[in-house]
Amino acid sequence: MVDVQDWQEVVTAATRAPSIHNTQPWRFTASADRLEVHYDPDRSLPVLDPSHRQQVISCGAAVEFAAVALRAAGRQVAVDVGPDPGDPDHLATLRVLGDRPADADDASLAAAIGDRHTTRDPFLPQEVPAGLFDRVQREAGEHGVWVSELSGADAELVTVVLLQRAEEAERGDPAYRAELEAWLRTDPQAVDGIPVGAVPADHPATRSTNWPGRDFLVGRRTPRPRAPVADDDPPPSVERPTVLLLGTMGDDRTAWVQAGRALGRVLLRLTAAGLSAAPMTQALDWPATRTRLQVELSLVGHPQMLLRLGWPSVAGSATGRRPVAEVLTTR
Ligand SMILES: Cc1cc2nc3c(=O)[nH]c(=O)nc-3n(C[C@H](O)[C@H](O)[C@H](O)COP(=O)(O)O)c2cc1C
């Protein structure tokens with residue numbers, strides 16, 4: 001039996017999950033020993049995500065954060081994911097089976113919930129420990145999700161080209177730009193959306209990287225000339241982030257929730273180890289570039305998430321969340 005105040009704490013942790021454009025497309029219903037997680041269609045992104053795939057992935061990350069919070073509070077939890085024929089927006093149910101002592105790993109993952117932020121700045125040029133990659137691969141595998149590191153010039157080139165192609169198409173699409181603009185926030189107290197302060201202010205073209213981040217400020221930029229480069233200027237150091245691709249065998253809501261759970265777990269595991277990450281999903285927004293990626297990389301299954309990660313060079317900052325009372329119903 002979990003009381004109302006405890007559910008509020010669990011849902012506070014769940015809502016710290018990442019979500020596409022910080023839309024927080026979730027609702028929760030709690031009873032004595034169950035927490036249902038629902039997709040909220042009122043917060044949809046019809047242009048970028050008409051199938052709701054990325055928003056369901058976001059809800060899956062919230063499921064994982066809730067499970068981590070419950071375990072750290074000494075609860076034994078089972079998670080049921082699967083279609084509810086009576087209610088397709090009911091994505092998952094966490095069932096509390098009883099009590100069990102929390103261990104140090106539960107505590108460290110739970111502490112990572114508050115420390116995790118999407119970090120879009122360049123990472124430090126230091127290697128990511130190989131053992132960590134094995135661990136996230138194994139943990140994502142427990143949710144039926146594969147994780148592969150994009151290595152090798154060919155895989156990198158294909159992915160970068162598709163990201164750039166998608167980014168260009170998006171920049172040129174007025175409907176995409178209007179939707180993005182509607183989720184940009186200048187008020188630092190905003191409870192949803194992307195705060196402009198969470199996005200690097202520099203023009204993406206000035207960044208020494210192959211990996212184009214999503215340009216959240218595209219509608220607000222005025223073109224400006226590049227800074228002049230003198231012949232004897234040293235070449236800029238090029239960003240070489242580690243890039244992970246997460247994928248699933250199926251491509252339905254159940255698979256998307258599982259992809260989100262794996263994403264949530266990977267992000268917490270990275271945060272607990274001192275690393276940061278940022279999704280870069282432009283190439284997965286559009287069926288054409290998403291399918292192209294699948295074919296060109298000979299993927300067994302469907303790509304769900306592209307993530308750049310590394311050691312942070314600056315501390316990230318928290319983005320807003322809606323009050324728990326807005327998203328939690330208790331019975
Ligand atoms: C499915 C999904 C896709 C995302 N795609 C991008 C992306 O393409 N570029 C980006 O910078 N952030 C992306 N994000 C990160 C969100 O913008 C971020 O989670 C949200 O603004 C909340 O901020 P926080 O992660 O710092 O809490 C994505 C997140 C999710 C869950």
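Reply: **The ligand and the helix packing**

A polar side-chain atom of Arg116 sits 2.8 Å from an oxygen atom of the ligand. That is a polar contact, a pair of N or O atoms within 3.5 Å; within protein, one must be able to donate a hydrogen and the other to accept it, and residues adjacent in sequence count only if both atoms are side-chain atoms. This is a predicted model, where local features need pLDDT of at least 70 and side-chain atom pairs count only at pLDDT 80 or more, while totals for chains, interfaces and linings use all residues. Residues are numbered from 1 along each chain as its sequence is written, and side-chain values use heavy atoms, with hydrogens and water left out.

Arg214 also reaches the ligand, with a side-chain N or O atom 2.9 Å from a ligand oxygen. For Thr319, a polar side-chain atom lies 3.1 Å from an oxygen atom of the ligand. In total, 19 residues surround the ligand, each having a heavy atom within 4 Å of it. The closest are Arg116, Thr118, Arg120, Thr281 and Arg321.

Now to the helices, which are DSSP runs (H or I) of at least four residues, numbered from the N terminus. Axes are lines fitted to C-alpha atoms over the stretch in contact, and angles run from 0 to 180 degrees between N-to-C directions. Helix α4 (residues 130–141) packs on helix α7 (residues 253–272) at about 155 degrees, with axes 9 Å apart. On the α4 side, Leu132, Arg135, Val136, Glu139 and Ala140 meet Ala262, Arg265, Val266, Arg269 and Leu270 of α7, where contact means heavy atoms within 4.5 Å. These residues divide into 6 nonpolar, no polar and 4 charged.

Helix α2 (residues 53–72) packs on α7 too, at about 55 degrees with the axes 6 Å apart. So α2 is oblique to α7, and this crossing is right-handed. Among the α2 residues in the contact are Val56, Gly60 and Phe65, and the α7 residues include Trp256, Gly260 and Gly264. By class, there are 11 nonpolar, 3 polar and 6 charged residues.

Finally, α2 packs on helix α3 (residues 104–115) at about 130 degrees, with axes 9 Å apart. The two are therefore oblique to each other, with a left-handed crossing. Phe65, Val68, Ala69, Arg71 and Ala72 of α2 meet Asp106, Leu109, Ala110 and Ile113 of α3.

Definitions and conventions: Nonpolar A, V, L, I, M, F, W, Y, C, P; charged D, E, K, R; others polar. Parallel < 35°, antiparallel > 145°, perpendicular 65-115°, else oblique. Left-handed = near helix turned anticlockwise from the far one by under 90°.
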